[in-house]
Amino acid sequence: MLQNDGVLDRCRQMVDPNMVFLQDIALVYKSRLAKNFMNDKNVELRDWPAYSPDLNVIENTWEIPAPKVYVGARECQMVLELENTILLVWETLDQP
C-alpha cells in the first residue's frame, strides 16, 4: 500500500521527511520485497516491541477509520477491494 498513490511521500510531508517506520512482527514486514522497498526509499526501520498494542500507533490510529471500513459488517473479498475501501475512507476523514 505504501508504494501506491504516493502514501509514503504524503506521510513524509505530513509527519517528517526523516520519519522512522515502526513495524511489528507481522511476516509481511519481514519479506524481502518489503525490506527492499523500504531500503530503496531510505526509510529507517525499527522493530516494535511484541505484545504492546497500547503503544502501537497503528493499532490506535486504526480505531478511527475501521468502523467506516467495516460499516454494516462489510467483508472485502480481495486485498485490492480492502485497499480501495481504506483509501476511500481515508479521504473522507478530517486530516488535521
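For the protein chain the mean pLDDT is 79, and 83% of its residues reach 70 or more. Because the model is predicted, local features need pLDDT of at least 70 and side-chain atom pairs count only at pLDDT 80 or more, whereas totals for chains, interfaces and linings use all residues. Residues are numbered from 1 along each chain as its sequence is written, and side-chain values use heavy atoms, with hydrogens and water left out.

The protein chain contains 6 helices and 2 strands, assigned as DSSP runs (H or I of at least four residues for helices, E of at least two for strands) and numbered from the N terminus. Their order from the N terminus is α-β-α-α-β-α-α-α. Of the 96 residues in the protein chain, 21% are buried; buried denotes under 20% relative accessible area, exposed over 50%, and partly exposed the range in between (1.4 Å probe, protein chains only). The protein chain exposes about 7,700 Å², of which carbon and sulfur atoms supply 57%; accessible areas come from the Shrake-Rupley method with a 1.4 Å probe, and for residues only the protein chains shown count as cover. Among contacts (heavy atoms within 4.5 Å) with a separation of 6 or more, 48% link residues 24 or more positions apart.

The largest nonpolar core consists of 5 residues, Leu-8, Met-19, Phe-37, Met-38 and Val-43. Such a core is a set of buried Ala, Val, Leu, Ile, Met, Phe, Trp, Tyr and Cys residues joined through side-chain atoms within 4.5 Å. Apart from neighbours within four places in sequence, Val-43 is in contact with Leu-8, Arg-12, Phe-21 and Met-38.

Helix α1 (residues 7-14) has Val-7, Leu-8 and Arg-12 as its buried residues. They cover an arc of only 140 degrees around the axis, which puts them on the same side of α1; the arc is that of the directions from the helix axis to the C-beta atoms. The cover over these buried residues of α1 includes α3 (32-40). On the face turned away from the buried side, α1 carries the exposed residues Gln-13 and Met-14.

Pro-65 lies in the loop between α4 (57-62) and α5 (66-69) and is buried, with a relative accessible area of 8%. With residues up to four places away in sequence not counted, Pro-65 touches Val-89 and Leu-93. The C-alpha atoms of Pro-65 and Trp-90 are separated by 6.9 Å, although the two residues are 25 apart along the chain. Thr-85, in helix α6 (residues 79-92), is likewise buried, at 12% relative accessibility. Beyond its neighbours within four places in sequence, Thr-85 is in contact with Val-69, Arg-74 and Cys-76.

The structure holds 1 aromatic pair. The ring centres of Trp-62 and Tyr-70 are 6.2 Å apart and the planes stand at 75 degrees, so the pair is edge-to-face. Rings of Phe, Tyr and Trp (its six-membered ring) pair if their centres lie within 6.5 Å, with planes under 30 degrees apart counted as stacked, over 60 as edge-to-face and the rest as tilted. Trp-62 is partly exposed, at 30% relative accessible area, and Tyr-70 is partly exposed at 39%.

Note on methods:
pLDDT is the predictor's confidence in each residue, from 0 to 100.
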